[in-house]
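Please read the following note beside the model itself.

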Amino acid sequence: MGKICWKLFSSMLVLSGLTFGGGFVIIPLMQRRFVDELGWLTQEEILDMTAFARASPGAVTVNVAVQVGARMAGAAGALCGVLGTILPPLAVLSVISLCYEAFSASPAVAALLYGLRLAVAVVVADAASSMAAEVLRGGDRLRWAVMGAVFLLSLTTNTGTVWFLAGSALLGWLTAGREKL
């Protein structure tokens, strides 16, 4: 269990320390690490964890780290995942808070942050297309319909994400165990 905790902690520390842009940027990297490289989870499991993390209060990345850690090593794993996830941003924010005035007034920092938005958008689009591809490969027409409806409604209405998640979760709960259409 100690090896798993260390591997989880160090993986999350590196991922969290080297990414910029929040949960939707780090989730595809977590998928790559925990599904493809370590083989701890399946693609469907990480997608389910991500969906649950989005519907739960708190940071998506921390919520997924808790779930992965708990699955792999119980409460100790959950703690290691959380610590690995929160330590890098905590350190960065602590340093930035000491220098806030200089950072907030710097045109170079403002330009850098503006430029990073494009990179974050690309990573989020990659994660969304990867998740959509997984749903489409599954062949479940109900999931296809729900994904399409949520996508169209999110583009055409001002409905909050939480309502889409709650409705999708309710539909999933109501149809759990049914055969594919």
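How are α7 and α8 oriented to each other?

1. In this predicted model, local features need pLDDT of at least 70 and side-chain atom pairs count only at pLDDT 80 or more, whereas totals for chains, interfaces and linings use all residues. Residues are numbered from 1 along each chain as its sequence is written, and side-chain values use heavy atoms, with hydrogens and water left out.

2. Helix α7 (residues 141-156) and helix α8 (residues 161-174) pack at an angle of about 165 degrees, their axes being 11 Å apart; axes are lines fitted to C-alpha atoms, for helices over the stretch in contact, and angles run from 0 to 180 degrees between N-to-C directions. The two helices, α7 and α8, are therefore roughly antiparallel (angles over 145 degrees).

3. In the contact (heavy atoms within 4.5 Å), L142, V146, V150, L153 and S154 of α7 meet F164, S168 and L171 of α8. The residues of this contact of α7 with α8 comprise 6 nonpolar, 2 polar and no charged (Asp, Glu, Lys and Arg count as charged, Ala, Val, Leu, Ile, Met, Phe, Trp, Tyr, Cys and Pro as nonpolar, and the others, Gly among them, as polar).

4. Q43, L47 and T50 of α3 make the contact with S130, M131 and E134 of α6.

5. The lining of the largest pocket includes at least two residues from each of α2 (23-37), α3 (43-55), α6 (107-138), α7 and α8, and divides into 22 nonpolar, 8 polar and 9 charged residues.

Terms used:
Helix = DSSP H or I, 4+ residues; strand = E, 2+ residues; numbered from the N terminus. Parallel < 35°, antiparallel > 145°, perpendicular 65-115°, else oblique.
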